[in-house]
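Here is a short tour of one chain, meant to be read with the viewer open. Please turn the model as you go, and follow the elements as they come up.

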Amino acid sequence: MSYVDQAQSSYRSATRYIPESLRVYLPILPVMALVGLFILYPIAQAIYSSFFTKSLLAPSEAEFVGLANYVEIWADPDIHQVLWNTFVWVTVGSLAAIVLGFLMGWLLDEKLPYTSVASAIVLIPWVLPRVVGASIWQFMFGGSQGIVNELLVQMGVIDEYIVMLGANQYSLWPPIIGMVWRLAPLFALLTLTSLQGIDEHLYEAARMDGATPWEQFRYITIPMMKYNLAIGFLLMLIYNVRNFSMVWVMTKGGPGVSSSTLPVMIYRAAFIDFEVGFASALSVLLFVVLLVFSYYYIKFYDKVRGDM
Amino acid sequence: MVNSNSASGLDRRQYLTGLSAAMAAGLAGCSSGGDGGDGGDGDGESGNGSDGGSGAQDLDFWLFGGIPAEREYISGHYDSYGDHNVSYQHQEWGQKYQIIASAAANNNLPDVMAGQCQQIPDYVGARAIQPLDQEGFQDQLEEINSHFIQANIDTVVYEGLGDTESERQWGLPGGYADLGPFIDIRTDYLEQTSFDQPPRNWPELIQLGQEMQEIDDVSAAITAPGTDFGLTTGYFIGFVYANGGRYFDPESMEATVDQPGFVDAVKLYQDIAEAGLFPDSMAENNHIDAGRLLREGESGIFITYSHANAVYQTTGAPQEWLDGEGHTVTRAPLPESPSGDFQPQDLLLQNAQGFMLGNGTESDAERQAAFDYTSWWNQPEQLAPWTYAAESDVGIRGRVPTLKSAFEEPSDLFMSQFGDLVTLYENDDLFTRTSRFPSFSGIASIQSIINTQVIQPVVLGNATAEEACSNANSQVQEVVDEQIA
């Protein structure tokens, strides 16, 4: 009797009093317990908290207020600006990261000298701790001594230093640049692995049929990569929607709320204003946004698997 | 090919799990983990010390924040008190609320904690601390208090906090106080102006700034932070108090941010900004960035607390600079004629490393031990490093001592750090019109409003002082209504 047969036999014997229909769930019970404890319970608690006014420092004095926190969200004078910032942050940041990451992945796939070294270097932004990366960008964009300003002056683009992190009209863009810097390498890696997965014979056949490089790209590369790109894009959207550290470290969401995104607003509500109920309601809003993106992610994932 | 039915079923589970994981990361911090326990008795009257001699106790001692020299001193000295077994933990200053809230909810509070006394109302609200002046401790407390300048003791006495009704003492001052508003002035730049001493009123401050602005190396004569809520507003609020302004009227519980006492102090910042004396980057500078501008010579005046040298210490300034060479740290100028309705206060004060009795004590014996340990830390011998006495120097700078003896027999190092303060003290002009920094539950929220809705728009030129204050007043009123009234 093989080891596997012995294990199966022991399992059957040990679980003989448990109905067959339930027995299949036993092996995953520990994992489900952990998921319940560390994921489902906090979610349920957050949703529950969103119906209360609850101070961070005196949670026992919570008062049930029904949907008042949700009503307050829409009455908040800052919410529209924050939602718009979140939209810009997510779409512009994700698209820019994808375009840049795609180009980087494409270049890395070319048989150029030192591509293996370049591949390692490209990953550094992704490997660096998030707060470290954000601090570097904050320093670089500083209005009084930042290197970005100095570079722009040297290149003749501007005459004098511009305050970027501390000005309403610019403050959202430096964190977006920092985020693109961090995420593009991830997409580059995804692009690289996708490109390496395309059968070289397809290109060979196309070339024999007289296809130009653009036609090869248009009719072979893009179709072969489209699902990976779509999944990468959705993952990036999900990552960006809940990204907090880049904005917080660089601008703290200011001046005012000019660079605040939803996660920053949640943090401020919970840990500066101590309004846990209101922060929970905002979190549920964020949850809904994530839900939409996750739904499309799964749909694409299903389609990819179906096509394989 | 994957069976579509099974794939679909599996994916639904994966989907739920995936989105749960994504949300949990965002939400876990916001859920307080249930109602938690009550963290002990906020009144703390049961501590009569009757069984205080029942042997060595195990005590937890937490320190929040502190500059490296302080942390090093405290971590090396905390167990010199031999009567009890003390377990020491340093806690992050920036996370104090989260740490306290979590500890209170999990009944894991320390027996003794040292931290910012401005937050005492919040700590009491969280049932994290208990009063010090409990029956059995009072005589001893009186003797300990006598070592300190009275203004420091006054900052830790509150009326009607938590379950208490009368005035109660909630802490001991520890080694130093932060005073505000303060300015730090580069003496090399001061010498190039018509001033031979620091400015003493607001018009003089602007005039001095304008004269310094003419100096070639100066890009912005007056520097101040604009981003870190607590300190940006903390540095500023002293000007409001000096002008007879307040966040709200404690009698009527009406927000007073739109009243002249407050608005005119904001107008001072507006005037400085309009004169081009603040750096363009002010709304992106934290207190360390602001201090760096002064130290590097881009600015000549730094609006700060008395802790300016502690700020420089974190930026690696040379020792001579930290010892006071090349700059003067002193009280900020006052308004010529205060326009507010409240009693003007020349100086605000807080004990940023005050000692409090945590609600982690579980028995009378433990409470007695915690009090004894707190008392021990507040003896002159333990606090000597904050007095700048040469024989006790451990490298602490930028701290105004709380002990009377430090002012009455000032050391050379103290004089080089805060000589102007000693002069004011000797003239009985330092602590005469002093109150504690605004301290009430909800302070962090109001500081955030003032920072983002008043100071930032005004220094950026997006709103006048009147407009910004008028807009912020209703938000401050909301906080007052929800958290104080």
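## A covered helix

Helix 3 of chain B, residues 96-105, is mostly covered, with nine of its 10 residues buried. The buried residues are B:Lys96, B:Tyr97, B:Gln98, B:Ile99, B:Ile100, B:Ala101, B:Ala103, B:Ala104 and B:Ala105. Keep in mind as you look that this is a predicted model.

What covers the buried residues of helix 3 of chain B? The cover includes helix 14 (262-271) of chain A. From chain B, it includes strand 1 (58-64), strand 2 (85-91), strand 3 (112-115), helix 4 (120-125) and helix 18. After helix 3 of chain B comes B:Asn107, which has a positive phi, near 50°.

## Two helices at an angle

Helix 18 of chain B, part of that cover, spans residues 443-459 and also packs against helix 10 (residues 260-274) of chain B. Two packed helices are described by the angle between their axes and the distance between the axes. For this pair the angle is about 40° and the axes are 8 Å apart. Helix 10 and helix 18 of chain B are therefore oblique to each other.

On the helix 10 side of chain B, the contact is made by B:Phe262, B:Val266, B:Tyr269, B:Gln270 and B:Ala273. Helix 18 of chain B contributes B:Ile450, B:Val454, B:Ile455, B:Val458 and B:Val459. By residue type, the contact between helix 10 and helix 18 of chain B has nine nonpolar residues, one polar and no charged.

## A four-stranded sheet

Now find the open sheet of chain B, where four strands run in the order 14-7-12-15 with mixed pairing. Strand 14 and strand 15 (434-436) of chain B are at the edges with a single partner strand each, so one side of each has no neighbour in the sheet.

Walk across it one pair at a time. Strand 7 of chain B pairs with strand 14 (residues 400-401) of chain B in the antiparallel sense, over two bridges; here B:Tyr176 has B:Pro401 as its bridge partner. Strand 7 of chain B also runs antiparallel to strand 12 (residues 347-350) of chain B, joined by three bridges, and B:Leu179 is partnered with B:Leu349. Strand 12 and strand 15 of chain B pair in the parallel sense over three bridges, with B:Arg436 of strand 15 as the bridge partner of B:Leu349.

## Inside the sheet

B:Asn152, in helix 6 (residues 150-154) of chain B, has a relative accessibility of 1% and counts as buried. Beyond residues up to four places away in sequence, B:Asn152 touches B:Pro173, B:Ala177, B:Leu349, B:Asn351 and B:Thr402.

## The chain as a whole

Chain B has 19 helices and 15 strands, and 62% of its 485 residues count as buried. Among contacts in chain B with a separation of 6 or more, 78% are between residues 24 or more positions apart.

Over all chains, the disulfide count is zero.

Key:
Residues are numbered from 1 along each chain as its sequence is written. Chains are lettered from A and ligands numbered from 1 in the order in which they are written. This is a predicted model: local features need pLDDT of at least 70, side-chain atom pairs count only at pLDDT 80 or more; totals for chains, interfaces and linings use all residues. Side-chain values use heavy atoms; hydrogens and water are left out. Axes are lines fitted to C-alpha atoms, for helices over the stretch in contact, and angles run from 0 to 180 degrees between N-to-C directions. Angles under 35 degrees count as roughly parallel, over 145 as roughly antiparallel, 65 to 115 as roughly perpendicular and the rest as oblique. Contact means heavy atoms within 4.5 Å. Ala, Val, Leu, Ile, Met, Phe, Trp, Tyr, Cys and Pro count as nonpolar, Asp, Glu, Lys and Arg as charged, and the others, Gly among them, as polar. Buried means under 20% relative accessible area, exposed over 50%, partly exposed in between (1.4 Å probe, protein chains only). Two strands pair if DSSP finds at least two bridges between them. A disulfide is a pair of cysteine sulfur atoms within 2.5 Å.
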